[in-house]
Amino acid sequence: MALAICNFFLLFASGLVSGHIDYSIPEEQAPGTTVGIIAEDLKLNVWELSARMFRLFCEGSKKYMEVNQKNGILFVNERIDREEICKQSFICILIYKIILDDPFEMHQIAVEILDINDNSPVFPKVELSLQMNELIATGARFPLESAYDPDVGSNTIIIYHVSSNEHFGLK
């Protein structure tokens, strides 16, 4: 990874990297969802994509994004699970390189994957039994183990309340 970054900066410093484009999309978007219009953002005519042998590269085995060379649209190719790719990192960015020939150009695209609240908190134990004395005052509090939530930022657990409902009961 460090070698790839060094190679990119070497190309950038030598003037071979022409530009940088930033996009952002929420995770879990359906395949086919438009991320951006590459041809327009690179100030190219759509016909130039095939004529100049447009190529899109990303490190890694999964091809989360693809470009339709007939209309120049960058789209989601495969479902993106932010927590799978970036774990609990606050920033999750996929880096792509675009190469065009005649004349040679290289561009970098950064696609930030935004977190959505798609994971439920999980407690370490499915069931918890508390022994209470009948003389305990009303409103007494009992500490519970914290739940784990793989989402980040404002989508993670900040506070939760246990109340009687179809999933929880007091006996």
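Three strands make up an open sheet with antiparallel pairing, in the order 2-5-4. Helices (H or I, at least four residues) and strands (E, at least two) are DSSP runs numbered from the N terminus, and two strands pair if DSSP finds at least two bridges between them. The model is predicted: local features need pLDDT of at least 70, side-chain atom pairs count only at pLDDT 80 or more, and totals for chains, interfaces and linings use all residues. Residues are numbered from 1 along each chain as its sequence is written, and side-chain values use heavy atoms, with hydrogens and water left out.

- Three bridges link strand 2 to strand 5 (residues 73–76) in the antiparallel sense, and glycine 36 stands opposite leucine 74 of strand 5.
- Strand 4 and strand 5 run antiparallel and are joined by four bridges, with phenylalanine 75 in strand 5 as the bridge partner of glutamate 66.
- The hairpin of strand 4 and strand 5 has four residues between the strands, and its glycine 72 takes a positive phi near 80°.
- In a regular strand the side chains alternate between the two faces of the sheet.
- Buried means under 20% relative accessible area, exposed over 50%, and partly exposed in between (1.4 Å probe, protein chains only).

**Nonpolar core**

- The largest nonpolar core has 26 residues, and those with the most contacts inside it are Ile38, Met65, Leu74, Ile109 and Val111. Such a core is a set of buried Ala, Val, Leu, Ile, Met, Phe, Trp, Tyr and Cys residues joined through side-chain atoms within 4.5 Å.
- Two or more residues of this core come from each of strand 1 (17–26), helix 2 (38–41), strand 4, strand 5, strand 6 (93–100) and strand 7 (105–114).
- Strand 6 gives the most, with four residues.

- Aspartate 115 lies in the segment after strand 7.
- Aspartate 115 is buried yet has no salt bridge, and the nearest side chain of opposite charge, arginine 82, is 4.7 Å away. A salt bridge is a side-chain nitrogen of Lys or Arg within 4 Å of a carboxyl oxygen of Asp or Glu; Lys and Arg count as positive and Asp and Glu as negative, while His and the chain ends are not counted.
- Cysteine 86, in helix 4 (residues 82–86), is buried at a relative accessible area of 16%.

**Backbone exceptions**

- Most residues other than glycine have a negative phi, and most peptide bonds are trans.
- Lysine 87, in the loop between helix 4 and strand 6, has a positive phi of about 55° and is exposed, with a relative accessible area of 56%.
- Aspartate 102, in the loop between strand 6 and strand 7, has a positive phi near 55° and is exposed at 65% relative accessibility.
- The peptide bond from aspartate 102 to proline 103 is cis, with omega near -5°.
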